Each structure stands twice: as C-alpha cells, then as structure tokens.
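Biologist: I have not worked with this structure before. Could you take me through it in short answers?

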Amino acid sequence: MEAPLYPEFPLNPPTSSGAQAFWVGPRYLAGDDGRLYERVADTLTGLGWTNLAVVRGKRNPDEAPEDRQVLRSTVLHISRDIQRWAQWVLADEPFLLGELPVAWQVSAREDTGSPLAAWSAYFTPGIPGEVLGDFLAALNSREQLTAASAGPELVLDTLTTRGWLRDIDHPRSGAVDPMFTTCVSLGEVPPLIQDGDPRALTLVGDEAGPAGWQAWAEPALGAPSLWAASFSVGVPHDLVAAFAASLASSAPVLRRVLPESTKDRLLRAPAD
C-alpha cells in the first residue's frame, strides 16, 4: 500500500458524482471542477504524449510491498519529440505560488542534446483545465520552443480585445478582467521559478532580473487566491498569449463543482 507524502492532494483527485452540471462563465472564475489532473492528462493523451509514473520512497530489504512508504509520486507526460514535458507535482512536495501549491509544471528545452529545461511554467489547483489545455495544445504545435516570435504587447492585446482593461498603473505590462478579480502581469518572477536564462544567475544585490508573466485570480481584495500561474522568463510571449486568449474566452465551461469563493459571481445555465 502506497502512503503519499501529501495524502490531502491525491494523484487522481476524486470526481463528484450525482451533482448537477452547469455551463458557467466567466471561465477564469470557474475553478477546475475538481478534475484538473484528469482534464489535462486527457488533453495530453489526445496530443499523443506518453506518460509514466515516477515513484520514489524508502524500502527496507525485508519489508513487504504493502508496507512500503512512498515519499514522492509524480506523473510525467512527455511529447513525441521529447523536447517538452508536463509533470503533475501536487503529490511531490510542491512549492507554493500565491500561497497555493503548484499542481502542474510544464517545461521545454531547445533540443534533445540538453538535459535542462530552457523555460518552465507553473500552475496551481483551481486554474480551469481548459485554459491549461489550450496552453499545452499551443506548445505542442509550436516548432521553435524558445525563439520569441512576438513581443509582450501581444499578450496585452489578446486580453484587451476580449474586454479586459489595461492596468491603470502599469498599462504597458498588465491587464485586469472587467470585474477586477483576475490579473495578468509582466514583472518580477517569484522564487523557485526555473529558467534557462543565464542572466538570472548573474544578478547583484537588489538588481532586478528579467521579467516573466504572472497570472492570478483574487475573488476579493485581500482574499485567498483561487489560482495562480507563473511563466519563467524564457516562455515565448505567443504561448502566454494562447493562455491569455483561453483565460479571457467568453465561451462557457461545464462544471459540477463551483468554487465557494466565486460561485456568486458566476453566470450559470443548467446543462442537464
């Protein structure tokens, strides 16, 4: 019997049964329906990515299999060209992002000759699975994984054309949704965000490093975040724009479980 280090974050979170389904919007406040792993894993399987379980633990020579204690357990999904991968890390000592544990880490490298990721992106529970799925689909179809094909303005234009507002204090680097609950901003990268940009290793004192995109939903001022996402410095802006386009999409999403913190803000229509 396996004993995960974080039993409150199971490898395959339980899904609800018998609950009424609703089409809801806006999607950036819709939560993950308690199915973030399944939804993203299904997307990756549909893209042709392979997956494997990585289990690490301690075992004594005379220990029975049912007594083994698994200290870490993750699921790794790898693209066909083995240059991009997505890892479910919620059961593997996740670090916090916006006071929430990271659930998915997505990475890419320049070529198969390098064992290190050129950039990584991180997503916590609560983020709509549709948004992460669209980001992964864009990553899967991109040939050049590190070369920038557009500037940061593309991300902001993607949001404002869908009704979002430029940040009044930082109009050239941030945007907010019409209800002022969700932000996408280009700025300082939080600690532990991995990137292949060598400039991050040569900073001195309080010198500011290269900026990366951050996104989060805060249902009320000072309230806990519903979800958070962080993109390291090297993530191409057009991939972040694909994430932003899905985040700000007006298309409703199907939900059986609504977040307590945002359910009163959601428009809903019965789906059954």
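Biologist: Which residues does T124 touch, leaving aside those up to four places away in sequence?
Modeller: This is a predicted model. In it, T124 touches L36, L97, L100, P101, V102, A103, W227 and A228.

Biologist: Where is T124 found?
Modeller: T124 is in the loop between β8 (119-123) and α2 (129-141).

Biologist: Is T124 buried or exposed?
Modeller: The relative accessible area of T124 is 0%. T124 counts as buried because the cut-off for that class is under 20%.

Biologist: What does the side chain of T124 reach?
Modeller: It reaches the backbone nitrogen of A228, at 2.9 Å. A228 is also among the residues that T124 touches.

Biologist: Let us turn to strands. How many residues of β4 are buried?
Modeller: Strand β4 covers residues 84-88, and five of the five are buried, so the strand is largely enclosed by the rest of the structure.

Biologist: Which residues lie on each side of β4?
Modeller: R84, A86 and W88 are on one side, and W85 and Q87 are on the other. Both faces are covered, as these residues are all buried.

Biologist: Which strand pairs with β4, and in which sense, parallel or antiparallel?
Modeller: The partner is strand β7 (residues 104-108), and the pairing is antiparallel, over five bridges. One detail concerns W85, whose bridge partner in β7 is S107.

Biologist: What holds paired strands together in general?
Modeller: Strands of a sheet pair through backbone hydrogen bonds, in either a parallel or an antiparallel manner.

Biologist: What is the strand order in the open sheet of three strands?
Modeller: The order is β14-β1-β15, with antiparallel pairing. The edge strands, each pairing on one side only, are β14 (253-255) and β15 (267-270). From one strand to the next, the twist averages 35°.

Biologist: How many bridges join β1 to β15?
Modeller: Four bridges join strand β1 (residues 22-25) to β15, and the two run antiparallel. Within this pairing, G25 has L267 of β15 as its bridge partner.

Biologist: A change of topic: how many salt bridges does a search of the whole structure find?
Modeller: The search finds seven salt bridges. One of them is formed by R142 and D238, whose closest N and O atoms are 2.8 Å apart. R142 lies in the loop between α2 and α3 (153-160) and D238 in helix α4 (residues 237-247), so this pair ties together parts that are 96 residues apart in sequence.

Biologist: Are those two partners buried or exposed?
Modeller: R142 counts as buried, at 9% relative accessibility. D238 is partly exposed, with a relative accessible area of 21%.

Biologist: And which residue forms a salt bridge with R166?
Modeller: That residue is E153, with the closest N and O atoms 2.4 Å apart. R166 belongs to strand β9 (residues 165-166) and E153 to helix α3, so the pair ties together parts that are 13 residues apart in sequence. R166 is partly exposed at 29% relative accessibility, and E153 is partly exposed at 35%.

Biologist: What about K263 and E260?
Modeller: Their side chains meet in a salt bridge at 3.2 Å, N to O. K263 is partly exposed, with a relative accessible area of 28%, whereas E260 is exposed, at 62%.

Biologist: Which residues are linked in a network of salt bridges?
Modeller: R39, E130 and R255 are linked in such a network.

Key:
Residues are numbered from 1 along each chain as its sequence is written. This is a predicted model: local features need pLDDT of at least 70, side-chain atom pairs count only at pLDDT 80 or more; totals for chains, interfaces and linings use all residues. Side-chain values use heavy atoms; hydrogens and water are left out. Buried means under 20% relative accessible area, exposed over 50%, partly exposed in between (1.4 Å probe, protein chains only). A polar contact is a pair of N or O atoms within 3.5 Å; within protein, one must be able to donate a hydrogen and the other to accept it, and residues adjacent in sequence count only if both atoms are side-chain atoms. Contact means heavy atoms within 4.5 Å. Two strands pair if DSSP finds at least two bridges between them. A salt bridge is a side-chain nitrogen of Lys or Arg within 4 Å of a carboxyl oxygen of Asp or Glu. Axes are lines fitted to C-alpha atoms, for helices over the stretch in contact, and angles run from 0 to 180 degrees between N-to-C directions.
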